Structure formats: structure tokens, C-alpha cells
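This briefing sets out selected features of the structure shown below, grouped by topic.

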Amino acid sequence: MITTANNILNTVWENRYFPVDPIWIAKKMGLSVYSLETPPDVSGALVKRADRDPVILLNQNDSEQRMRFTCAHELGHYIQRLESNIENSKEYEYVDLFSKLSQENQNEEEKLANKFALALLIPKEALLHDVKENCSPAMMAYRFGVPDDVIRVALEEYGIHGYGR
Ligand SMILES: [Zn+2]
């Protein structure tokens, strides 16, 4: 999944710049992305109906930064489906609650989708570069276009503990 995220950055995004735009990437990969009114605790969903292309839905009341992370997470679910040999023409649906995206005790699919989202939006090398430059977590959040809490998760994920505290 991490390799796939890196490949997408190289080949689809062509290493343009930060922040990475996962909505643009998802569309480029043939998915439709809509922001719309959802129940307040729902951040996003990946929905596939029979004989239709999969669709990513985002909560329109979330911040642009939050939507960016949610979209990358849903794209992660889509990539998992592609990479596994599950019958992909069938219907499926992932609905992600805001609380589920941030909590530790998730199932393997959710963890993988989060790892993918981090690798796509905040590549390890780029974050380590910022750490070396002593950037504040708030500056990193601005550069990568994600909420502050996502930067904290990324730092932990990449083994940088207690940074900026
Ligand atoms: Zn999910």
C-alpha cells in the first residue's frame, strides 16, 4: 500500500507540489468525488453500485483539510479492493465515521486505509525533511494541507515521538 501510494505520487500526481490533492488524483483514477450533506458523525464513504464506477462521498461541512485526508483514506479502501482479488464489479460500501478515522483500535482494513492516506499526503521523506528543519507541527499541517491531528498521527507512524511538545 505504501509502495502504491508512492507510485501514484510519481505517476499520477507527477510529484507536482504540496499539498497533494487526493480529490484530483481520485478523479484522474476514474472515481467521482462529491461533497454533500452527510450525518454529522460521518466524514466520508466509498460507495460502489452494480455496473457503476465507485464514488467517494465527503462531508461538505468538514474543513478542506479534513476532506483531503478523508478522500485519501477512501482512495485507500479503493486501492485495497484493486490490489486484493475481490470481485470488484459487485456492490460494496465503506462508511467512515469521524471517530473511526482517528481511533487506534480499528480493523486491518481501516489501518491500511489510514497508512495509505498518510503515505499519499505526507510522504515520510518529506516529513522527515521538515523535522530536520525544525518546522512546527502547525507549519507542517499548512504545508501538507491536513488537520494538525493528522500531522501528529504521521509523526507517530514514522517513529518520531513527542515532536513539537
Ligand atoms: Zn475507512
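V47 is found in strand β2, which spans residues 42-48. In this predicted model, V47 has a relative accessible area of 13% and is therefore classed as buried, the cut-off being under 20%.

**Surroundings of V47**

- Y92 lies 45 residues from V47 in sequence, yet the C-alpha atoms of the two residues are 6.1 Å apart in space.
- Apart from neighbours within four places in sequence, V47 is in contact with D53, P54, V55, L57, Y92 and E93.

**Zinc site**

- H73 and H77 each coordinate the zinc ion through NE2, D96 contributes two OD entries and E110 coordinates through OE, with distances of 2.0 to 2.6 Å.
- Along the chain, the donors of the zinc ion follow the spacing H-x3-H-x18-D-x13-E.
- Distant parts of the chain are linked here, as H73 belongs to helix α3 (residues 64-83) and E110 to helix α5 (residues 108-121), 37 residues apart.
- H73 has a relative accessible area of 0% and is buried.
- E110 also counts as buried, at 5% relative accessibility.

- Q80 is found in helix α3, and its relative accessible area of 12% places it among the buried residues because the limit is under 20%.
- Beyond residues up to four places away in sequence, Q80 touches M1, E109, L112 and A113.
- K27 is placed in helix α2, residues 22-28.
- Between K27 and I56 the C-alpha to C-alpha distance is 9.6 Å, while the two residues are 29 positions apart in sequence.

**Backbone features in loops**

- A cis peptide bond joins F18 to P19, with omega near -5°.
- P19 lies in the loop between α1 (2-11) and α2.
- D51 is not a glycine but has a positive phi of about 60°.
- The loop between β2 and β3 (55-59) holds D51, which counts as exposed at 77% relative accessibility.
- N134 likewise is not a glycine and has a positive phi of about 60°.
- N134 is placed in the loop between α6 (124-132) and α7 (137-144), and it is exposed, with a relative accessible area of 63%.

**The chain as a whole**

- Eight helices and four strands make up the secondary structure of the protein chain.
- In sequence order, these elements follow the pattern α-α-β-β-β-α-β-α-α-α-α-α.
- The radius of gyration of the protein chain is 15 Å, which agrees with the value near 15 Å for a compact globule of 165 residues.
- Taken along the principal axes, the C-alpha atoms fill a box of roughly 50 × 35 × 25 Å.
- Of the 165 residues in the protein chain, 46% are buried.
- Among contacts with a separation of 6 or more, 61% are between residues 24 or more positions apart.
- The protein chain exposes about 8,900 Å², of which carbon and sulfur atoms supply 50%.

Notes:
Residues are numbered from 1 along each chain as its sequence is written. This is a predicted model: local features need pLDDT of at least 70, side-chain atom pairs count only at pLDDT 80 or more; totals for chains, interfaces and linings use all residues. Side-chain values use heavy atoms; hydrogens and water are left out. Helices (H or I, at least four residues) and strands (E, at least two) are DSSP runs, numbered from the N terminus. The radius of gyration is taken over C-alpha atoms; the globule rule is 2.2 Å times the number of residues to the power 0.38. Buried means under 20% relative accessible area, exposed over 50%, partly exposed in between (1.4 Å probe, protein chains only). Contact means heavy atoms within 4.5 Å. Accessible areas come from the Shrake-Rupley method with a 1.4 Å probe; for residues, only the protein chains shown count as cover. Donors are N, O and S atoms within 2.8 Å of the metal (3.2 Å for Na, K and Ca); water is not among the atoms, so sites may look incomplete.
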